[in-house]
Amino acid sequence: MPLSSSSVRLARGASPWLLPTVATAAVSLAKARRSGRWAAAAVPATALAAGMLWFFRDPEREIGEGRVICPADGVVQSIMPWEDGRTRVAIFMSPLNVHVNRAPVAGTVASVEHVPGGYVPAFDKESEFNERVVWRFDSELGDIEMVQIAGAVARRIVPYVPQGCKVEQGERIGLIRFGSRVDVYLPEGIEPAVEVGQKTTAGVTRLDRD
């Protein structure tokens with residue numbers, strides 16, 4: 001898989017969760033030298049900080065080829081024909097996946113709309129009513145819709161780019177904190193190149209078939 005192993009950074013928008021856990025781990029490790037009680041606390045605090053660092057990793061990617069590429073790391077949960085002729089490809093992201101999402105196409109961000117809602121697990125049918133951010137891209141293929149959906153743990157979706165901004169295909173556009181889902185609507189006439197159960201890599205996996 002075409003990934004760059006030389007550069008892994010932390011995701012923008014991670015600091016509200018990351019900084020307190022790392023600070024707690026640092027304090028507990030420092031005090032553990034003088035107190036057995038702090039030594040016992042240092043183990044879970046350090047483990048949690050390490051988990052946060054892993055969760056908020058943001059590796060560099062060599063962008064794949066295709067008219068539409070996958071915006072999220074995860075597994076294809078469903079592929080569903082839509083009434084208007086489009087095809088929805090839903091990608092489930094577990095807490096172990098990279099949670100930085102990327103632009104599926106090059107173009108202009110026509111709109112970024114936050115929609116309030118619930119927080120049931122992203123693999124549940126009721127997640128259709130979860131909090132979400134709806135993106136629309138004005139591209140060479142026309143209007144492309146992408147939806148970031150919050151999950152049971154994810155309570156905050158962080159867009160990186162505003163309406164009116166031009167983006168390159170595969171560019172980082174936002175973060176969903178913890179487990180969640182991302183949907184992409186392929187335009188009418190474009191067949192999906194993925195199948196249910198297939199693993200995907202943001203910015204790399206091609207979604208459309210020639």
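1. Basis of the note. Residues are numbered from 1 along each chain as its sequence is written, and side-chain values use heavy atoms, with hydrogens and water left out. Because the model is predicted, local features need pLDDT of at least 70 and side-chain atom pairs count only at pLDDT 80 or more, whereas totals for chains, interfaces and linings use all residues.

2. Confidence. The average pLDDT (the predictor's confidence in each residue, from 0 to 100) is 83 for the protein chain, and 70% of the residues score at least 70. Residues 1-6 have a pLDDT below 50, and this stretch has 7 contacts (heavy atoms within 4.5 Å) in the model beyond near neighbours in sequence.

3. The sheet. Strands here are DSSP runs of E with at least two residues, while helices would be runs of H or I with at least four, numbered from the N terminus. Two strands pair if DSSP finds at least two bridges between them. An open sheet of 8 strands, with antiparallel pairing, runs in the order β10-β6-β7-β8-β12-β4-β3-β13. Its edges are β10 (166-167) and β13 (199-200); each has a single partner strand, so one side of each lacks a neighbour in the sheet.

4. Strand β8 and its partners. Strand β8 (residues 142-150) pairs with strand β12 (residues 180-186) in the antiparallel sense over 6 bridges. In this pairing, V182 of β12 is the bridge partner of Q148, and R181 of β12 stands opposite I149. Strand β7 (residues 132-139) also pairs with β8 in the antiparallel sense, over 8 bridges. A hairpin through 2 residues joins β7 to β8, and S139 stands opposite G142 in β8. Of the 9 residues in β8, 7 are buried (under 20% relative accessible area; exposed is over 50% and partly exposed lies in between, with a 1.4 Å probe and protein chains only), and the strand is thus mostly covered.

5. H99. This residue is found in the loop between β4 (87-93) and β5 (100-102). H99 counts as buried because its relative accessibility is 1%. A polar atom of the H99 side chain lies 2.8 Å from the backbone oxygen of N97. H99 and F56 are 43 residues apart in sequence, and their C-alpha atoms are 7.1 Å apart in space.

6. A103. The loop between β5 and β6 (107-115) holds A103, which is buried with a relative accessible area of 0%. Residues 67 places apart along the chain meet here: the C-alpha atoms of A103 and G170 are separated by 4.9 Å. Not counting residues up to four places away in sequence, A103 touches I69, F137, V167, E168, Q169, G170, E171 and I173.

7. T205. The segment after β13 contains T205, and this residue is buried, with a relative accessible area of 13%. The side chain of T205 reaches the backbone nitrogen of T201 at 2.8 Å. Leaving aside neighbours within four places in sequence, the contacts of T205 are I69, C70, V194, Q198, K199 and T200.

8. Cysteines. The count of disulfides (pairs of cysteine sulfur atoms within 2.5 Å) comes to 0. C70 is buried, with a relative accessible area of 0%, whereas C165 is partly exposed at 25%.

Methods
A polar contact is a pair of N or O atoms within 3.5 Å; within protein, one must be able to donate a hydrogen and the other to accept it, and residues adjacent in sequence count only if both atoms are side-chain atoms.
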